[in-house]
Amino acid sequence: MNREVILAGRPNSGKSTLFNRLASAHQKVGNYAGCTVEKKTAFVQIEGGRSFEITDLPGVYSLKANSLDEEVALRHLEDKRDSSRVVFVLDGNNLEQELVLPLMLKKRGFSIAVAVNMMDEVRANRKILDLAGMTELAGVPFFPLAAKSGEGVDLLRNFLGRETEAKEGKQPAQPVSGIPHAEISDLHRKARSEARELNRLNKGPRENLLMARDLKIDGLLLHPVLGPLIFLFTMFVLFQSIFTWAVPISDGIEAGIALLNDHLKATVTNELLASLLTDGVLAGMGSVLVFVPQIAILFLLIGLLEYSGYLPRVAYMVDRLMKPYGLDGKVFIPLLSSVACAVPGILSTRTIESERTRLITIMISPLMTCSARLPVYTLLIATFVPATTVGPFSLQGLVMFGMYSLAVLVALLVALVLHRLDFGKRKHLVSFLNLPHYRTPNWPELLRFVWTRVYSFLRKAGTIIFSMAVLLWALLSFPGSYPGKSELEAKIAASQDKKEELKLLEDQKSALRLEHSYGGRIGKALEPVFQPLGYDWKLTIGILASLAAREVFVATIGTVFSLGAVDDDTEGLTKALREEKKADGSPKYTIATCLSLLVFFAFSLQCISTIGVARRETNSWKIPALMFAYMFAIAYTGALVAYWAATAFLA
């Protein structure tokens, strides 16, 4: 039976990058603590078509678990202690400090190999590591690596491949959990002494050139005045770019969808099938796909911040600002991860030592503006906010930045309320922030990270959104009967030679069919609940459908308005929303409607996946139920206030 290989190490040591190199896997990697919050397993191919299993564990700082991710790692080490080889990955720039933990595991009887990573940086630091001498002195194999470039990975893979095929006896290891504190202290003291002896074999200048470089950059980025300004400017540029960079690509996608729509209408002769494909599938899916460029740009820029090592500095910078809210700097990474998606954001709260702080962070993570809100925001802002500039900045980009800022402000206010209510278990722990070196991004890994996130969005579009599009098409197309149907069809038949009159009659037919469909009846029944917010029955259908996933709103509205009007000259959903009229001819949807919808989607919890992961991470339905209730209350109240205020002052 092949032995499992376990990758362990401190955060920021490059475990996930090495894991991807060894197994050709596509795990997310990043330059901050908490990137890996669950163990990941893959199979490494070796010569002869054989393979062995390899597991990437969350980062650990000691043999005592202070957070859930450390508990996951240490529990797995204990469970596999008799059947695994532990490859401890460490940063070669901080060898003496990093060596202590693998030496402690060795003294506990674990089978250890040490992968000394970042050797490219070690050379840039003019250090010379005597890894052969350290192997001989410690009795543990040391392997020089630069996982980012792949240097030394083949040598380690071949070693592990040979070893997993060998039948060797090994001393049974002792469990790593439940170790008395005094024994851990003694192990640490002996391992620290041995690490100093091993480090004496190494040569090079005493000064740390990388550390000196980092301190110079930190002097600017962590400056008490300039640091926050630089961060705000960075975030501002990020959200401006979502509109400016993505517009040409989005326009191209929209044009392609329009061509495909025309082709299907011309080639599919069955009226019901043509309606399903064009008004259902293409209208729903296409209205979401046009926002893929914005989502890709968002992930690309966030990935750059992660890989560079800038994010832990921001966490350090905001640590003091978070204290009044009962939080600390470690919550910044989960909250920023939630800007991409609340699911990994909630998972990354496992790195937070305080259970109380962790629960509060889980409660406010869904308030961060995630990528699922981006299609809704982009549609509403592009429709109702003029594409003008304020100085050098886009007005639409300013509104988008305002929505992200509003989410942060409300999240902090909720955290303050929970803090004052003494929410969760009050347990004060000392929190340590690990600041890695600044690094240039590994572009293949970064692009893989962006593609993984975009693919996840597309897969969601291909399942949930596709299913909802077909369901909504059915609800909005049947039963197909409405008052005066036969008389109206007779008028249409008699007006075949009168284009303008025919178009008006066709529009009337589509509107009546939609209004009296099953979906129209549901929307009208619930319209009074959302009417105070400025929503008619059509928008109400979108709100109801989006309870499964926020981005379904755009697909739903696309389906509703494709079925609600027949117009070969339409330029898309934006035009349909602008041209929707009341009985008196005035616009049905205004800037007040836009602001109300923006606020509602900013705060409501419309994501089954987020509710599910919150249930799993808290082991209770109480927290997700409370999250859904308080967020819906804030969303409804905020949307009501926004609609009334906009109607009063912007009319």
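**Helix packing and selected residues in a predicted model**

In the contact between α27 and α28, Ile-611, Ala-614, Arg-615 and Thr-618 of α27 meet Ile-623, Pro-624, Met-627 and Phe-628 of α28. Contact here means heavy atoms within 4.5 Å. Helices (H or I, at least four residues) and strands (E, at least two) are DSSP runs, numbered from the N terminus. The residues of this contact divide into six nonpolar, one polar and one charged. In this division Ala, Val, Leu, Ile, Met, Phe, Trp, Tyr, Cys and Pro count as nonpolar, Asp, Glu, Lys and Arg as charged, and the others, Gly among them, as polar. The axes of α27 and α28 come within 8 Å and cross at roughly 140°, which makes α27 oblique to α28. Axes are lines fitted to C-alpha atoms, for helices over the stretch in contact, and angles run from 0 to 180 degrees between N-to-C directions. Angles under 35 degrees count as roughly parallel, over 145 as roughly antiparallel, 65 to 115 as roughly perpendicular and the rest as oblique.

The structure is a predicted model, in which local features need pLDDT of at least 70 and side-chain atom pairs count only at pLDDT 80 or more, while totals for chains, interfaces and linings use all residues. Residues are numbered from 1 along each chain as its sequence is written, and side-chain values use heavy atoms, with hydrogens and water left out.

The secondary structure of the protein comprises 28 helices and eight strands. Of its 651 residues, 53% count as buried; buried means under 20% relative accessible area, exposed over 50%, and partly exposed in between (1.4 Å probe, protein chains only). Among contacts between residues at least 6 apart in sequence, 75% join residues at least 24 apart.

Helix α28 (residues 622-649) also packs with helix α26 (residues 591-603), their axes coming within 8 Å and crossing at roughly 165°. The two helices are therefore roughly antiparallel to each other. The crossing of α26 past α28 is right-handed; a crossing is left-handed if the near helix is turned anticlockwise from the far one by less than a right angle, and right-handed if clockwise. On the α26 side, the contact involves Ala-592, Thr-593, Leu-595, Ser-596, Val-599, Phe-600 and Phe-603. These meet Met-631, Phe-632, Ile-634, Ala-635, Tyr-636, Gly-638, Ala-639, Ala-642, Tyr-643, Ala-646 and Thr-647 in α28. By class, the residues of the contact of α26 with α28 are 14 nonpolar, four polar and no charged.

Thr-593, in helix α26, counts as buried at 2% relative accessibility. Not counting residues up to four places away in sequence, Thr-593 touches Gly-534, Tyr-535, Leu-539, Lys-588 and Tyr-643. Thr-593 and Leu-380 are 213 residues apart in sequence and 9.3 Å apart in space, C-alpha to C-alpha.

A further helix pair is formed by α5 (residues 131-138) and α7 (residues 181-199), which pack at an angle of about 140° with their axes 10 Å apart. The crossing of α5 past α7 is right-handed. Met-134, Leu-137 and Ala-138 in α5 meet Glu-194, Glu-197 and Leu-198 in α7. Four nonpolar, no polar and two charged residues make up this contact.

His-76 lies in helix α2 (residues 68-79) and is buried, at 8% relative accessibility. Leaving aside its neighbours within four places in sequence, His-76 is in contact with Glu-4, Ile-6, Lys-39, Thr-55 and Leu-57.

Most residues other than glycine have a negative phi. Asn-12, although not a glycine, has a positive phi of about 75°. Asn-12 lies in the loop between β1 (4-9) and α1 (15-23) and is buried, with a relative accessible area of 12%. Asn-619, likewise not a glycine, has a positive phi of about 55°. Asn-619 is found in the loop between α27 (608-618) and α28 and counts as exposed, at 62% relative accessibility.

A search of the whole structure finds zero disulfides, a disulfide being a pair of cysteine sulfur atoms within 2.5 Å. Cys-370 counts as buried at 6% relative accessibility, and Cys-594 is buried with a relative accessible area of 0%.
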